[in-house]
Amino acid sequence: MSPRPMVRPGGRSARVQEAVHTAVRELETELGRDALTVPLVAARAGVTPSTIYRRWGDLRELLSDVAVERLRPESPPEDRGNLVSDLRTWAEHFLDEMASPPGRAYIRDALLGDPDGSNAGQCSAYAADQIDIILARATDRGEQAPDVDVVLDHVVAPMMYRILFRPGPLDADYAHDLVAGLLDERA
């Protein structure tokens, strides 16, 4: 694997990344994932294939990078006014997104092009950041809140295990039960 170069927060590098990511998403929608090739993505993005190889290494690493970006939450978690409601709502939305067919595909892509674990760590950080917001709100309201890692271990980890290794149907009740188990254990 070629190391990823440091990326400037703006400028040409950001424009190339956005163009390539957009090309991947559009082509995947139009043609399907199996039809994607580096030359096809490069042509759609208006860059040379060597630009993609230089920056991402290969198609799998590019798809992984796109997946990590797609797994980034678009907004802070909803504030429902109390810890139980906030965690239940967040867990339900997280499960719904991650267990959906696109969510499962993004998880697989993020992990397949991630030999050093950095993408998995980034995805974990996304969830931890969202949970941290919920817990900080609860603390500000005077509620006793668990540690972020405890929520990750008791709510997120079981969901991800089921999504990755037991891909049957999962519903909001499952997410709510995990939150209830977490909060009952603390009581």
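## Terms and model

A residue is called buried when its relative accessible area is under 20%, exposed when it is over 50%, and partly exposed in between, with a 1.4 Å probe and protein chains only. Trp90, with a relative accessible area of 8%, is buried by this rule.

The model is predicted, and local features need pLDDT of at least 70, side-chain atom pairs count only at pLDDT 80 or more, while totals for chains, interfaces and linings use all residues. Residues are numbered from 1 along each chain as its sequence is written, and side-chain values use heavy atoms, with hydrogens and water left out.

## Overall architecture

The protein chain holds nine helices and zero strands, where helices (H or I, at least four residues) and strands (E, at least two) are DSSP runs numbered from the N terminus. Read along the sequence, the pattern is α-α-α-α-α-α-α-α-α. Taken along the principal axes, the C-alpha atoms fill a box of roughly 60 × 35 × 25 Å.

Of the 187 residues of the protein chain, 38% count as buried. The chain exposes about 10,400 Å², of which carbon and sulfur atoms supply 52%; accessible areas come from the Shrake-Rupley method with a 1.4 Å probe, and for residues only the protein chains shown count as cover. Among the contacts (heavy atoms within 4.5 Å) with a separation of 6 or more, 68% are made by residues 24 or more positions apart.

Helix H1, residues 11-31, has 21 residues and reaches 30 Å from its first C-alpha to its last, close to the 30 Å expected at 1.5 Å a residue; the expected span is 1.5 Å times one less than the number of residues. The buried residues of H1 are Ser13, Val16, Val20, His21, Ala23, Val24 and Leu27. They lie on the same side of H1 because they cover an arc of only 155° around the axis, the arc being that of the directions from the helix axis to the C-beta atoms. On the other side of H1, Arg15 and Thr29 are exposed. The helix is followed by Gly32, whose phi is positive, near 95°.

The buried residues of H1 pack against helix H2 (38-45), helix H3 (49-56) and helix H4 (59-71). In H2, the buried residues are Val38, Val41, Ala42 and Ala45, and they are on the same side of H2 because their arc around the axis is only 100°. What covers these residues of H2 includes H1, H3 and H4.

## Aromatic pairs and a charge over a ring

A pair of aromatic rings is described by the distance of the centres and the angle of the planes. Rings of Phe, Tyr and Trp (its six-membered ring) pair if their centres lie within 6.5 Å, and planes under 30 degrees apart count as stacked, over 60 as edge-to-face and the rest as tilted. The structure holds two aromatic pairs. Trp90 and Phe94 form a stacked pair, with 4.9 Å centre to centre and 25° between the planes. These two residues are four residues apart in helix H5 (residues 83-99), so Trp90 and Phe94 are separated by about one helical turn. Phe94, at 13% relative accessibility, counts as buried.

Tyr161 and Phe165 form a tilted pair, with 5.2 Å centre to centre and 45° between the planes. Being four residues apart in helix H8 (residues 148-165), Tyr161 and Phe165 are likewise separated by about one helical turn. Tyr161 counts as partly exposed at 47% relative accessibility, whereas Phe165 is exposed, with a relative accessible area of 57%. Elsewhere, Arg162 lies over the face of Tyr174, at 4.8 Å from the ring centre; a charge sits over a ring if NZ of Lys or CZ of Arg is within 6 Å of the ring centre and within 35 degrees of the ring normal.

## Individual positions

Glu61 is found in helix H4 and counts as buried, at 6% relative accessibility. Glu61 and Leu111 are 50 residues apart in sequence, with a C-alpha to C-alpha distance of 9.5 Å in space. For Tyr161 and Glu69, which are 92 residues apart along the chain, the C-alpha atoms are separated by 21 Å.

Gln130 is found in helix H7 (residues 118-140) and counts as buried, at 9% relative accessibility. Leaving aside its neighbours within four places in sequence, Gln130 is in contact with Pro73, Ser75, Pro76, Pro77 and Trp90.
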